[in-house]
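Below are my notes on the model, as numbered points. Please read them alongside the coordinates.

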Amino acid sequence: MNFRRLWQLHLIIEMGSFAAAAHHAGVSQPALSKSMKVLQHELGVRLFDKVGRRQVPTNAALKAARTASRLHAELDAVAMTVPAQGIPTQQRTRATLRVGLAPAAALLYGPCIQAIWQAREPEGFIEFVGGSGSMLINQLRTRQLDFIIAPQPRREVVTDLHWLYLHRSTPTVYARTDHPLRNVRSLHGIRHAGWAVAGHADTAGSVIEEAHRVRKLARPRVLAQCQDYRTMLNLVACSDLLC
C-alpha cells in the first residue's frame, strides 16, 4: 500500500474538498480522485458516499485518516528532538531521522514515514533499521533510534517508554486456492502443515508459534523463510505451504 495516498485522504477530510486537498498536495484534482480509487481498492472498503454533488467520507475513511494523522503527529514530535549520535559526520549537517521497523511495520508504514519526512525536510536524511521487537526496543533505549514501530512485548511490562497504538493485528492464514486444507476452520486442523514466514531469523514464525503454544500444540513446521512478503506469497501460491 502507498501511504502517500493515505495522507492524501487525510488532507481531503481535513480540508473538506478534493480541490483544496489537491492544491495543498501539489497534484491535479483528477490525479487525486484516481489516487483515492486506488486506495479504496487497496483497503477493500468504500471511502466516500455521494450525497448530491458532494463526496462524503465514510466511517472507514475517517478511521484511516485518523491513523495517518496520528503517525504524522508522532513524526512531528520526533523531528523536534532528533539526536545526531551514530550518524556519519557528513550527514550531521542536515536533519536526520532513524526509524526502527519490525518486518510487517516496514511494509505498512515505511512509505508513509518517508513521504511525511521528505515533505517536512526535503534535504533530510532518513535511515530505516529492521529487526525484532526486542532488538529495536533496546536500540531505542540506548538512543540509537529516534522511534520504532514494533509489537509491544508480551512478557515485559514497559514503563520507561511512551507507546502509541497504531493498529491491532488480526492474523489470517493464507494458502493457494486449491490447497487440500482450504476448508479447515481450526488451528488443530492445520497443526501438521508446513509454513512459510517472512522476516529476520529471530522473528520467523512468531505469530503461529505463539498460537501453537497457547493451544499446547507441537511447534509448527517452518519450512521456508523469505526476506519479504511478496516472495513469501508467491511461494505459497505455488506450494502446499501456508503463511
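1. Gly 110 counts as buried because its relative accessibility is 9%; buried means under 20% relative accessible area, exposed over 50%, and partly exposed in between, with a 1.4 Å probe and protein chains only. The residue sits in helix α5, which spans residues 103-120. Helices (H or I, at least four residues) and strands (E, at least two) are DSSP runs numbered from the N terminus.

2. This is a predicted model, in which local features need pLDDT of at least 70 and side-chain atom pairs count only at pLDDT 80 or more, while totals for chains, interfaces and linings use all residues. Residues are numbered from 1 along each chain as its sequence is written, and side-chain values use heavy atoms, with hydrogens and water left out.

3. Leaving aside residues up to four places away in sequence, Gly 110 touches Leu 101, Ala 105 and Phe 128, where contact means heavy atoms within 4.5 Å. The C-alpha atoms of Gly 110 and Val 99 lie 9.2 Å apart, at a sequence separation of 11 residues.

4. Gln 8 belongs to helix α1 (residues 3-15). Its relative accessibility is 11%, so Gln 8 counts as buried.

5. The side chains of Gln 8 and Ser 35 form a polar contact at 2.7 Å (a pair of N or O atoms within 3.5 Å; within protein, one must be able to donate a hydrogen and the other to accept it, and residues adjacent in sequence count only if both atoms are side-chain atoms). With residues up to four places away in sequence not counted, Gln 8 touches Leu 32, Ser 35 and Met 36.

6. Overall, the protein has 8 helices and 7 strands, and 36% of its 243 residues count as buried.
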